Amino acid sequence: TGTSMFSVSINDPGQVVIYENNVTLLVETDKELKITSLPIRIGFKPQINNNGYITGIVGSAQNKLDIVLWHPDSGLKSLFRLTSACFPKINDHNQIIITDEKDFNPIQKFLPAHLENYLLDPKIGQISLDGYFNLEKNENLELMDINNNGCIIGVIRSTKGSKSIGVLFEPIPE
């Protein structure tokens with residue numbers, strides 16, 4: 001049997017999340033090579049921040065998916081139950097953004113999906129970001145990335161054509 005291996009995410013200190021033969025691994029090369037097997041599903045692109053926290057998706061009871069946060073010192077913590085797969089993004093403050101596809105039905109895969117967007121903040125909790133834009137009936141917002149200042153980029157896409165518009169969420173200073 002052949003070996004399948006590829007890198008998924010890297011942080012500034014050089015920690016790398018890789019996938020090898022259906023196993024997700026954290027590779028660290030500080031003074032010596034250290035490899036840790038992770039409980040995070042690779043098919044949904046785990047992300048690592050500069051503090052070594054990793055977010056990803058794990059399967060839970062009854063074929064549900066959970067967004068999780070993992071660190072070698074604190075272990076695995078479940079944060080959010082998903083309806084469908086998404087690609088969570090994390091910054092160095094452990095703020096995580098997700099776009100969840102609600103009411104997904106593979107039989108009706110040609111109908112536009114309803115997307116819901118959230119910021120998971122360790123200090124504030126779960127925040128829905130959907131009410132911040134006036135979307136037309138045939139538009140969806142999808143979050144793409146978050147930086148260390150809490151700025152979030154996303155895209156509003158038409159479900160009826162190829163029109164899309166980039167958006168930026170900026171936190172309001174306290």
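Guide: Welcome! Two strands pair if DSSP finds at least two bridges between them. Keep that in mind as we look at this predicted model.

Visitor: How do strands of a sheet pair in general, and what is the strand order in the open sheet here?

Guide: Strands of a sheet pair through backbone hydrogen bonds, either parallel or antiparallel. Strand 9 (89–90) and strand 12 (125–128) are the edge strands, each pairing on one side only.

Visitor: How many bridges join strand 10 to strand 11?

Guide: Seven bridges join strand 10 (residues 96–102) to strand 11 (residues 114–121).

Visitor: Now the rings. What describes a pair of aromatic rings?

Guide: Such a pair is described by the distance of the centres and the angle of the planes. The count here comes to three aromatic pairs. One of them is Tyr132 with Phe169, edge-to-face at 6.3 Å centre to centre and 85° between the planes. Tyr132 lies in the loop between strand 12 and strand 13 (139–146) and Phe169 in strand 15 (residues 164–169), so this pair ties together parts 37 residues apart in sequence.

Visitor: Are Tyr132 and Phe169 buried or exposed?

Guide: Tyr132 counts as exposed, at 57% relative accessibility, whereas Phe169 is buried at 11%. Phe169 also forms an edge-to-face pair with Phe133, at 5.0 Å centre to centre and 90° between the planes. Phe133 is partly exposed, with a relative accessible area of 22%.

Visitor: Which residues do ring pairs link into a cluster?

Guide: Tyr132, Phe133 and Phe169.

Technical notes:
Residues are numbered from 1 along each chain as its sequence is written. This is a predicted model: local features need pLDDT of at least 70, side-chain atom pairs count only at pLDDT 80 or more; totals for chains, interfaces and linings use all residues. Side-chain values use heavy atoms; hydrogens and water are left out. Helices (H or I, at least four residues) and strands (E, at least two) are DSSP runs, numbered from the N terminus. Rings of Phe, Tyr and Trp (its six-membered ring) pair if their centres lie within 6.5 Å; planes under 30 degrees apart count as stacked, over 60 as edge-to-face and the rest as tilted. Buried means under 20% relative accessible area, exposed over 50%, partly exposed in between (1.4 Å probe, protein chains only).
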